[in-house]
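Here is a friendly walk through one protein model. Have a look at it, then read on.

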Amino acid sequence: MNIEAITIREIRMPLVHFFETSFGRTTERRILLVTVHSDGLNGWGECTAGEHPFYNEESIDTAWYVIRGYLGPAVLGKNVDHETVAPMFDRVRGHRMAKAAVESAVWDAEALRRKMPLWKMLGGTRRELSCGVSIGIQDSPAQLLEKIETELAAGYQRIKVKVKPGWDVEILRAIRGRWPEITLSCDANSAYTLNDVEHLKKFDEFKLLMIEQPLWNDDIAAHAILQSKLKTALCLDESILHGRDAAAAAQAKACRILNIKLGRVGGFTEAKKVEAVCREAGIPNWCGGMLESGIGRAHNIAMSTLENFSLPGDVSASKRYWKEDIIEPEVTVSPKGTIAVSDEAGTGYRVREDLIEHFTVRKETIRAGQ
Ligand code: OSB
Ligand code: MG
């Protein structure tokens, strides 16, 4: 496939409801989309970097700079396919979300060209995906309980709540008091330290499926220490950037569950490596979310068809985030909390270019030989 041009653009989409984690509140998403133009086909990718460098070092603006200056030029005018594209970015260190955006656009274009489902090109097997939801910190505990009630009624199979010091044990107690048996987990986004071990031990009484990323993003060893002191399984998110991190975490027994995010690990090629390492090590995976628009959501669905994605993911219905999503059909979740995987070519979701244009605030096309 010859890459003739690449368009990068920023769209703005207001969230239906704000999303708050231990590092802050988001009310509107600024999303960088990548379009790869090749032989009359358009492949689409979404960069999952946030508005600010809080979840990791990247932001939508660093991704713009890296794609415009390095990743775009690395593939423009070249003959690439899904196996050769990722290594072309090796020279650039880090910037994995930017790499994933371009890589996934190339994979999308190739799947369309070969008229095959993206999930098949990836080597997936699952046809029905189990869905959970991630619920942010709310203005009051009562509001949180109300949200959980709504999501359970919609059929979601796992509830994950964001926690931080001051919004944790009492919140979990309130949830368990009302729903003693639901599958429940929590995500701290690094809000604790090893000085909090005694405090974190209190979480054990709530029979959580997992505690996600309680400690520093860059410290797998600290999670191994904590895991040895807790009954509850730890799940790593921010700490795992590639297959070697997954292998190190397995070796150190730093977690018993591992979430994979396409952007965080730098794309489909690396996500498959992380999945393979976890499968070998007996560590189940699930697909994490980054408040994606429909394009990122469709790619998450494809990735979640891989065999070791055996736990409910954070990939949920478009309408939980957006008044109107930029794909057609929107992502919908059945009353039993599942997403059906499409057999159509590409992601199985059509990109609504008209609506994307409407949401676009800046756009630039770069061409081969420019
Ligand atoms: O840690 O999983 C996380 C959103 C932004 C940044 C980090 C995280 C999240 C979520 C949202 O939990 C998951 C979703 O997209 O619904
Ligand atoms: Mg997380």
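D237 sits at 0% relative accessibility, so D237 counts as buried (buried means under 20% relative accessible area, exposed over 50%, partly exposed in between, with a 1.4 Å probe and protein chains only). E212 is also at 0% and therefore buried. Before going further, note that this is a predicted model, where local features need pLDDT of at least 70, side-chain atom pairs count only at pLDDT 80 or more, and totals for chains, interfaces and linings use all residues. Residues are numbered from 1 along each chain as its sequence is written, chains are lettered from A and ligands numbered from 1 in the order in which they are written, and side-chain values use heavy atoms, leaving out hydrogens and water.

Helices (H or I, at least four residues) and strands (E, at least two) are DSSP runs, numbered from the N terminus.

Now for two helix pairs. Their axes are lines fitted to C-alpha atoms, for helices over the stretch in contact, and angles run from 0 to 180 degrees between N-to-C directions.

| Helix pair | Angle | Axis distance |
|---|---|---|
| α8 and α9 (residues 268-281) | about 20° | 8 Å apart |
| α4 (residues 141-154) and α5 (residues 169-178) | roughly 45° | within 11 Å |

The α8 and α9 angle makes this pair roughly parallel, while α4 is oblique to α5 (under 35 degrees counts as roughly parallel, over 145 as roughly antiparallel, 65 to 115 as roughly perpendicular and the rest as oblique). In α8, G243, A246, A247 and A250 meet E270, V274, V277, C278 and A281 of α9, where contact means heavy atoms within 4.5 Å. On the α4 side, P141, L144, L145, I148 and E149 meet I171, A174, I175 and R178 in α5.

Lastly, a few backbone details. E328 and P329 are joined by a cis peptide bond, with omega about -5°. N189 has a positive phi of about 45° although it is not a glycine, and at 6% relative accessibility N189 is buried.
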